[in-house]
Amino acid sequence: MSVAGDCWNIADLREKAQRRLPRGVWEYLERGVEDETGMSRNRVAFDRIAFRPRVLRKVDRVNTQATMLGTQGALPLAIAPTGAAGMMWYRGDIALAEAAAKAGIPFCISSASTLDVEEFAHVEGTRWFQLYMWENRDLSYDVVRRADATGCEALFVTLDLPVPPNREYLWRSGFGMPFQLNRRNLVDILAHPRWLAGVIGRYMRDGGLPQQANLPAELKHSVARGAKPGALFKQDNIDWEEVKKLRDLWPGKFVLKGILHPDDAVLARDLGADGVVVSNHGARSLDHSIAAIDALPDIVESVGGTMSILLDSGIRRGSDVVKALALGADGAMVGRAPLYGLAAAGMPGVERAMELLGAEISRTMAMLGLVSIAEIDRHALA
(Lines give C-alpha, C1' and ligand atoms only; values in the text may rest on other atoms or scores of the structure.)
Protein backbone atom coordinates (compact mmCIF):
# COMPACT_ATOMS: atom_id res chain seq x y z
CA MET A 1 0.00 0.00 0.00
CA SER A 2 1.27 3.51 -0.81
CA VAL A 3 2.32 6.07 1.79
CA ALA A 4 -1.00 7.87 1.35
CA GLY A 5 -3.10 4.76 0.70
CA ASP A 6 -3.04 3.66 4.32
CA CYS A 7 -4.42 7.02 5.46
CA TRP A 8 -8.12 6.85 6.27
CA ASN A 9 -8.79 10.48 7.15
CA ILE A 10 -7.14 13.89 6.97
CA ALA A 11 -5.73 13.40 10.48
CA ASP A 12 -3.73 10.39 9.23
CA LEU A 13 -2.22 12.51 6.44
CA ARG A 14 -1.48 15.22 8.98
CA GLU A 15 0.45 12.76 11.17
CA LYS A 16 2.59 11.59 8.24
CA ALA A 17 3.23 15.18 7.15
CA GLN A 18 4.43 16.15 10.62
CA ARG A 19 6.89 13.26 10.69
CA ARG A 20 8.37 14.13 7.30
CA LEU A 21 8.76 17.91 7.67
CA PRO A 22 11.35 19.80 9.69
CA ARG A 23 9.78 21.53 12.66
CA GLY A 24 10.03 25.03 11.17
CA VAL A 25 8.26 24.04 7.93
CA TRP A 26 5.67 22.10 9.90
CA GLU A 27 4.98 25.07 12.15
CA TYR A 28 4.47 27.31 9.14
CA LEU A 29 1.87 24.87 7.84
CA GLU A 30 0.15 24.05 11.09
CA ARG A 31 0.26 26.94 13.52
CA GLY A 32 -1.67 30.19 13.89
CA VAL A 33 -0.70 33.56 15.37
CA GLU A 34 0.12 34.96 18.82
CA ASP A 35 -1.76 32.91 21.47
CA GLU A 36 -3.23 30.67 18.76
CA THR A 37 -6.80 30.59 19.98
CA GLY A 38 -8.23 30.68 16.46
CA MET A 39 -7.64 27.12 15.25
CA SER A 40 -9.45 25.56 18.18
CA ARG A 41 -12.23 28.14 17.81
CA ASN A 42 -12.69 27.13 14.17
CA ARG A 43 -12.99 23.48 15.18
CA VAL A 44 -15.29 24.11 18.14
CA ALA A 45 -17.59 26.12 15.88
CA PHE A 46 -17.88 23.24 13.39
CA ASP A 47 -18.27 20.64 16.13
CA ARG A 48 -21.08 22.61 17.76
CA ILE A 49 -23.27 22.20 14.66
CA ALA A 50 -25.39 19.04 14.72
CA PHE A 51 -27.25 17.25 11.94
CA ARG A 52 -30.88 16.12 11.91
CA PRO A 53 -31.03 13.22 9.41
CA ARG A 54 -34.02 11.86 7.48
CA VAL A 55 -34.48 8.17 6.68
CA LEU A 56 -35.99 6.02 3.91
CA ARG A 57 -35.04 8.56 1.26
CA LYS A 58 -33.55 6.27 -1.44
CA VAL A 59 -29.95 7.42 -1.42
CA ASP A 60 -28.37 4.82 -3.69
CA ARG A 61 -27.31 7.54 -6.14
CA VAL A 62 -25.76 10.57 -4.49
CA ASN A 63 -24.57 13.36 -6.83
CA THR A 64 -21.88 15.62 -5.35
CA GLN A 65 -21.49 17.85 -8.42
CA ALA A 66 -21.64 21.55 -7.58
CA THR A 67 -21.38 24.87 -9.36
CA MET A 68 -19.03 27.51 -7.96
CA LEU A 69 -18.52 30.86 -9.68
CA GLY A 70 -20.37 29.57 -12.72
CA THR A 71 -18.22 26.45 -13.22
CA GLN A 72 -19.43 22.95 -12.42
CA GLY A 73 -17.09 20.65 -10.52
CA ALA A 74 -17.22 17.11 -9.19
CA LEU A 75 -17.37 18.36 -5.60
CA PRO A 76 -18.36 21.58 -3.79
CA LEU A 77 -14.65 22.09 -3.11
CA ALA A 78 -11.65 24.05 -4.35
CA ILE A 79 -8.03 23.93 -3.24
CA ALA A 80 -7.23 27.25 -1.58
CA PRO A 81 -4.13 29.35 -2.39
CA THR A 82 -1.15 28.39 -0.21
CA GLY A 83 2.14 30.17 -0.75
CA ALA A 84 4.56 27.72 0.88
CA ALA A 85 3.58 24.56 -1.00
CA GLY A 86 6.97 24.58 -2.72
CA MET A 87 8.64 24.07 0.66
CA MET A 88 6.44 21.09 1.51
CA TRP A 89 7.29 19.22 -1.69
CA TYR A 90 9.46 19.94 -4.74
CA ARG A 91 7.35 22.16 -7.04
CA GLY A 92 4.46 21.39 -4.74
CA ASP A 93 2.10 23.92 -6.30
CA ILE A 94 2.06 21.92 -9.53
CA ALA A 95 1.21 18.76 -7.60
CA LEU A 96 -1.71 20.58 -5.98
CA ALA A 97 -2.94 21.93 -9.31
CA GLU A 98 -2.73 18.59 -11.09
CA ALA A 99 -4.41 16.74 -8.22
CA ALA A 100 -7.23 19.28 -8.25
CA ALA A 101 -7.68 18.84 -11.99
CA LYS A 102 -7.77 15.05 -11.56
CA ALA A 103 -10.41 15.41 -8.84
CA GLY A 104 -12.47 17.72 -11.05
CA ILE A 105 -12.27 20.74 -8.74
CA PRO A 106 -10.71 24.23 -9.08
CA PHE A 107 -7.24 25.15 -7.89
CA CYS A 108 -6.37 28.67 -6.78
CA ILE A 109 -2.78 29.77 -7.53
CA SER A 110 -1.16 31.96 -4.88
CA SER A 111 0.66 35.13 -5.85
CA ALA A 112 3.08 34.16 -3.05
CA SER A 113 3.92 30.90 -4.84
CA THR A 114 7.47 29.97 -5.77
CA LEU A 115 6.24 29.29 -9.32
CA ASP A 116 5.24 31.87 -11.92
CA VAL A 117 1.61 31.84 -12.99
CA GLU A 118 2.66 30.81 -16.51
CA GLU A 119 4.03 27.53 -15.15
CA PHE A 120 0.47 26.35 -14.48
CA ALA A 121 -0.74 26.93 -18.05
CA HIS A 122 -0.44 23.23 -18.94
CA VAL A 123 -2.84 22.19 -16.16
CA GLU A 124 -6.16 21.47 -17.82
CA GLY A 125 -8.46 21.97 -14.85
CA THR A 126 -10.15 25.13 -13.62
CA ARG A 127 -7.55 27.61 -12.40
CA TRP A 128 -8.13 30.66 -10.26
CA PHE A 129 -5.53 33.24 -9.14
CA GLN A 130 -5.13 34.83 -5.72
CA LEU A 131 -3.56 38.26 -5.31
CA TYR A 132 -1.66 40.01 -2.57
CA MET A 133 -0.81 43.59 -3.51
CA TRP A 134 2.86 44.46 -3.85
CA GLU A 135 4.28 47.77 -2.67
CA ASN A 136 4.87 48.63 -6.32
CA ARG A 137 1.28 48.46 -7.56
CA ASP A 138 2.35 48.14 -11.19
CA LEU A 139 3.74 44.69 -10.33
CA SER A 140 0.31 43.69 -9.04
CA TYR A 141 -1.50 44.95 -12.12
CA ASP A 142 1.02 43.16 -14.33
CA VAL A 143 0.53 39.78 -12.66
CA VAL A 144 -3.25 40.21 -12.89
CA ARG A 145 -2.94 40.64 -16.65
CA ARG A 146 -0.62 37.61 -16.83
CA ALA A 147 -3.08 35.48 -14.86
CA ASP A 148 -5.81 36.39 -17.31
CA ALA A 149 -3.54 35.67 -20.30
CA THR A 150 -2.75 32.17 -19.00
CA GLY A 151 -6.40 31.21 -18.60
CA CYS A 152 -7.23 31.82 -14.95
CA GLU A 153 -11.00 32.15 -14.70
CA ALA A 154 -11.30 34.08 -11.44
CA LEU A 155 -9.28 36.57 -9.42
CA PHE A 156 -9.32 36.26 -5.62
CA VAL A 157 -8.05 39.34 -3.76
CA THR A 158 -7.05 38.49 -0.19
CA LEU A 159 -7.97 41.30 2.19
CA ASP A 160 -7.48 39.88 5.69
CA LEU A 161 -3.73 40.55 5.92
CA PRO A 162 -3.53 44.36 5.93
CA VAL A 163 -0.29 44.04 7.91
CA PRO A 164 2.08 41.08 8.37
CA PRO A 165 0.71 38.60 10.93
CA ASN A 166 2.54 37.95 14.20
CA ARG A 167 3.85 34.39 13.82
CA GLU A 168 6.42 34.48 16.61
CA TYR A 169 7.45 30.84 16.24
CA LEU A 170 8.87 31.52 12.76
CA TRP A 171 11.34 34.03 14.13
CA ARG A 172 12.44 31.55 16.78
CA SER A 173 12.91 28.76 14.25
CA GLY A 174 14.51 30.86 11.52
CA PHE A 175 11.82 29.83 9.03
CA GLY A 176 10.47 33.32 8.52
CA MET A 177 11.19 35.35 5.41
CA PRO A 178 14.03 35.59 4.74
CA PHE A 179 14.96 32.10 5.91
CA GLN A 180 17.94 32.06 8.26
CA LEU A 181 19.94 29.04 9.38
CA ASN A 182 20.58 28.76 13.10
CA ARG A 183 21.72 26.03 15.48
CA ARG A 184 18.21 24.81 16.18
CA ASN A 185 16.92 24.55 12.65
CA LEU A 186 20.15 23.17 11.17
CA VAL A 187 20.04 20.16 13.48
CA ASP A 188 16.34 19.73 12.77
CA ILE A 189 16.83 19.91 8.99
CA LEU A 190 19.62 17.33 9.10
CA ALA A 191 17.31 15.06 11.11
CA HIS A 192 14.83 15.02 8.19
CA PRO A 193 16.91 13.63 5.30
CA ARG A 194 13.93 12.69 3.11
CA TRP A 195 12.75 16.29 3.09
CA LEU A 196 16.26 17.70 2.76
CA ALA A 197 17.13 15.53 -0.24
CA GLY A 198 13.71 15.48 -1.86
CA VAL A 199 12.98 19.21 -1.60
CA ILE A 200 16.06 21.35 -0.96
CA GLY A 201 18.40 18.90 -2.70
CA ARG A 202 16.33 18.90 -5.86
CA TYR A 203 16.05 22.69 -5.89
CA MET A 204 19.81 23.07 -5.48
CA ARG A 205 20.44 20.57 -8.26
CA ASP A 206 18.11 22.53 -10.54
CA GLY A 207 19.62 25.95 -9.93
CA GLY A 208 19.16 27.06 -6.33
CA LEU A 209 16.65 27.69 -3.58
CA PRO A 210 13.09 28.53 -4.65
CA GLN A 211 12.33 32.18 -5.34
CA GLN A 212 9.42 34.51 -4.79
CA ALA A 213 7.71 34.13 -8.14
CA ASN A 214 5.49 36.38 -10.28
CA LEU A 215 7.97 39.23 -10.15
CA PRO A 216 10.25 40.64 -12.87
CA ALA A 217 13.56 38.79 -13.06
CA GLU A 218 15.49 41.67 -11.52
CA LEU A 219 13.23 41.68 -8.43
CA LYS A 220 13.02 37.96 -7.73
CA HIS A 221 14.63 36.82 -4.51
CA SER A 222 15.20 33.41 -2.94
CA VAL A 223 13.61 32.36 0.33
CA ALA A 224 16.97 33.05 2.01
CA ARG A 225 17.09 36.70 0.93
CA GLY A 226 14.96 39.68 1.79
CA ALA A 227 12.67 41.26 -0.75
CA LYS A 228 14.07 44.01 -2.93
CA PRO A 229 12.56 47.54 -2.90
CA GLY A 230 9.07 47.52 -4.39
CA ALA A 231 8.76 43.72 -4.15
CA LEU A 232 7.34 43.57 -0.63
CA PHE A 233 3.67 42.77 -0.18
CA LYS A 234 2.03 45.92 1.17
CA GLN A 235 -1.69 46.02 1.91
CA ASP A 236 -2.08 48.49 4.76
CA ASN A 237 -3.01 51.28 2.36
CA ILE A 238 -5.62 49.42 0.27
CA ASP A 239 -9.18 50.73 0.30
CA TRP A 240 -12.37 50.05 -1.65
CA GLU A 241 -11.35 52.46 -4.41
CA GLU A 242 -8.19 50.47 -5.08
CA VAL A 243 -10.15 47.22 -5.15
CA LYS A 244 -12.49 48.84 -7.67
CA LYS A 245 -9.48 49.41 -9.95
CA LEU A 246 -8.78 45.69 -9.84
CA ARG A 247 -12.43 44.92 -10.56
CA ASP A 248 -12.26 47.16 -13.64
CA LEU A 249 -8.99 45.58 -14.76
CA TRP A 250 -10.05 41.94 -14.39
CA PRO A 251 -12.39 40.56 -17.08
CA GLY A 252 -13.39 37.33 -15.34
CA LYS A 253 -15.03 36.41 -12.05
CA PHE A 254 -13.89 38.67 -9.20
CA VAL A 255 -13.87 37.49 -5.58
CA LEU A 256 -12.86 39.12 -2.29
CA LYS A 257 -11.32 36.70 0.21
CA GLY A 258 -11.25 37.18 3.97
CA ILE A 259 -14.73 38.62 4.57
CA LEU A 260 -16.22 38.14 8.04
CA HIS A 261 -18.57 41.12 8.40
CA PRO A 262 -21.90 41.27 6.55
CA ASP A 263 -21.47 44.98 5.81
CA ASP A 264 -18.23 44.23 3.97
CA ALA A 265 -20.03 41.55 1.96
CA VAL A 266 -22.63 44.13 0.91
CA LEU A 267 -19.90 46.59 -0.08
CA ALA A 268 -18.20 43.86 -2.08
CA ARG A 269 -21.41 43.10 -3.96
CA ASP A 270 -22.13 46.76 -4.64
CA LEU A 271 -18.57 47.22 -5.94
CA GLY A 272 -19.19 44.52 -8.53
CA ALA A 273 -17.61 41.44 -6.94
CA ASP A 274 -19.02 38.12 -8.10
CA GLY A 275 -18.35 36.44 -4.78
CA VAL A 276 -16.74 36.49 -1.36
CA VAL A 277 -14.81 33.94 0.66
CA VAL A 278 -15.89 33.88 4.29
CA SER A 279 -12.56 33.19 5.96
CA ASN A 280 -10.39 34.02 8.95
CA HIS A 281 -7.29 32.90 7.01
CA GLY A 282 -7.24 29.56 8.77
CA ALA A 283 -6.69 31.40 12.07
CA ARG A 284 -3.38 32.72 10.69
CA SER A 285 -4.07 36.45 10.63
CA LEU A 286 -5.95 37.94 13.62
CA ASP A 287 -5.97 35.90 16.80
CA HIS A 288 -9.38 35.81 18.57
CA SER A 289 -11.14 36.41 15.25
CA ILE A 290 -14.63 34.99 14.85
CA ALA A 291 -14.73 31.50 13.33
CA ALA A 292 -15.60 31.61 9.64
CA ILE A 293 -18.51 29.16 10.01
CA ASP A 294 -19.95 31.41 12.75
CA ALA A 295 -19.71 34.45 10.47
CA LEU A 296 -21.34 32.66 7.54
CA PRO A 297 -25.07 32.92 8.43
CA ASP A 298 -25.07 36.73 8.75
CA ILE A 299 -23.25 37.08 5.44
CA VAL A 300 -25.67 34.71 3.72
CA GLU A 301 -28.55 36.75 5.10
CA SER A 302 -27.03 39.99 3.82
CA VAL A 303 -26.02 38.95 0.28
CA GLY A 304 -27.19 35.37 -0.24
CA GLY A 305 -28.63 34.76 -3.68
CA THR A 306 -26.98 37.86 -5.15
CA MET A 307 -23.37 36.62 -5.27
CA SER A 308 -21.37 33.44 -4.70
CA ILE A 309 -20.37 32.66 -1.14
CA LEU A 310 -17.48 30.30 -0.40
CA LEU A 311 -16.15 29.32 3.00
CA ASP A 312 -12.74 28.32 4.22
CA SER A 313 -10.91 27.94 7.55
CA GLY A 314 -11.05 24.87 9.76
CA ILE A 315 -12.36 22.22 7.35
CA ARG A 316 -11.03 18.75 8.20
CA ARG A 317 -13.95 16.50 7.23
CA GLY A 318 -16.44 16.25 4.41
CA SER A 319 -19.15 16.74 7.01
CA ASP A 320 -17.70 20.22 7.64
CA VAL A 321 -18.32 21.05 3.98
CA VAL A 322 -21.91 19.82 4.22
CA LYS A 323 -22.44 22.02 7.29
CA ALA A 324 -21.18 25.06 5.36
CA LEU A 325 -23.53 24.28 2.46
CA ALA A 326 -26.44 23.82 4.86
CA LEU A 327 -25.77 27.31 6.25
CA GLY A 328 -25.86 28.83 2.76
CA ALA A 329 -22.38 28.57 1.26
CA ASP A 330 -22.08 27.59 -2.39
CA GLY A 331 -18.86 25.68 -1.75
CA ALA A 332 -15.74 25.47 0.36
CA MET A 333 -12.01 26.03 -0.06
CA VAL A 334 -9.51 23.77 1.71
CA GLY A 335 -5.93 24.74 2.45
CA ARG A 336 -4.30 22.67 5.19
CA ALA A 337 -6.01 19.39 4.26
CA PRO A 338 -4.40 19.11 0.79
CA LEU A 339 -1.11 20.43 2.19
CA TYR A 340 -1.07 17.58 4.71
CA GLY A 341 -1.40 15.19 1.78
CA LEU A 342 1.25 17.04 -0.21
CA ALA A 343 3.75 17.05 2.67
CA ALA A 344 3.09 13.37 3.39
CA ALA A 345 3.36 11.95 -0.13
CA GLY A 346 3.37 14.57 -2.89
CA MET A 347 0.65 14.48 -5.54
CA PRO A 348 -0.69 11.04 -4.45
CA GLY A 349 -1.15 12.49 -0.98
CA VAL A 350 -3.18 15.40 -2.33
CA GLU A 351 -5.26 12.98 -4.40
CA ARG A 352 -5.89 10.93 -1.28
CA ALA A 353 -6.99 14.02 0.66
CA MET A 354 -9.51 14.94 -2.05
CA GLU A 355 -10.68 11.32 -2.29
CA LEU A 356 -11.28 11.19 1.46
CA LEU A 357 -13.14 14.50 1.59
CA GLY A 358 -15.25 13.58 -1.42
CA ALA A 359 -16.22 10.23 0.07
CA GLU A 360 -17.10 11.90 3.37
CA ILE A 361 -19.28 14.49 1.63
CA SER A 362 -21.14 11.77 -0.27
CA ARG A 363 -21.54 9.58 2.81
CA THR A 364 -22.78 12.47 4.96
CA MET A 365 -25.34 13.42 2.32
CA ALA A 366 -26.62 9.84 2.15
CA MET A 367 -26.88 9.64 5.93
CA LEU A 368 -28.92 12.86 5.87
CA GLY A 369 -31.23 11.51 3.15
CA LEU A 370 -29.96 13.93 0.49
CA VAL A 371 -28.94 13.00 -3.06
CA SER A 372 -27.87 16.35 -4.57
CA ILE A 373 -26.02 19.46 -3.48
CA ALA A 374 -29.13 21.54 -4.20
CA GLU A 375 -31.04 19.63 -1.50
CA ILE A 376 -28.63 20.65 1.27
CA ASP A 377 -30.15 23.42 3.40
CA ARG A 378 -30.85 24.31 7.02
CA HIS A 379 -33.39 21.48 7.32
CA ALA A 380 -30.37 19.15 7.54
CA LEU A 381 -29.27 20.80 10.79
CA ALA A 382 -30.63 20.35 14.28
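Mentor: Helices themselves (H or I, at least four residues) are DSSP runs, numbered from the N terminus. Keep in mind that this is a predicted model, where local features need pLDDT of at least 70 and side-chain atom pairs count only at pLDDT 80 or more, while totals for chains, interfaces and linings use all residues. Residues are numbered from 1 along each chain as its sequence is written, and side-chain values use heavy atoms, with hydrogens and water left out.

Trainee: Why is α6 called roughly parallel to α10?

Mentor: Helix α6 (residues 137–149) packs against helix α10 (residues 240–249) at about 30°, and the axes are 11 Å apart. Angles under 35 degrees count as roughly parallel (over 145 is roughly antiparallel, 65 to 115 roughly perpendicular, the rest oblique), so α6 is roughly parallel to α10.

Trainee: Which residues of α6 and α10 meet?

Mentor: From α6, R137, Y141, V144 and R145 meet E242, K245, L246 and L249 of α10; contact means heavy atoms within 4.5 Å. The residues of this contact divide into four nonpolar, no polar and four charged. Here Ala, Val, Leu, Ile, Met, Phe, Trp, Tyr, Cys and Pro count as nonpolar, Asp, Glu, Lys and Arg as charged, and the others, Gly among them, as polar.

Trainee: What makes N9 buried?

Mentor: Buried means under 20% relative accessible area, exposed over 50%, partly exposed in between (1.4 Å probe, protein chains only). N9 has 16%, so N9 is buried. N9 sits in the segment before α1 (10–20). Beyond its neighbours within four places in sequence, N9 is in contact with R317, L356 and E360.

Trainee: How do you know whether N214 is buried or exposed?

Mentor: The relative accessible area of N214 is 1%, so N214 is buried. N214 is in the loop between α9 (193–205) and α10, and its phi is positive too, near 60°, in a residue other than glycine.

Trainee: Why is helix α14 described as largely enclosed?

Mentor: In α14 (residues 336–345), 10 of the 10 residues are buried, so the helix is largely enclosed by the rest of the structure. Among them are Y340 and L342. After α14 comes G346, with a positive phi near 75°.

Technical notes. Helix = DSSP H or I, 4+ residues; strand = E, 2+ residues; numbered from the N terminus. Axes fitted to C-alpha atoms, helices over the stretch in contact; angles between N-to-C directions.
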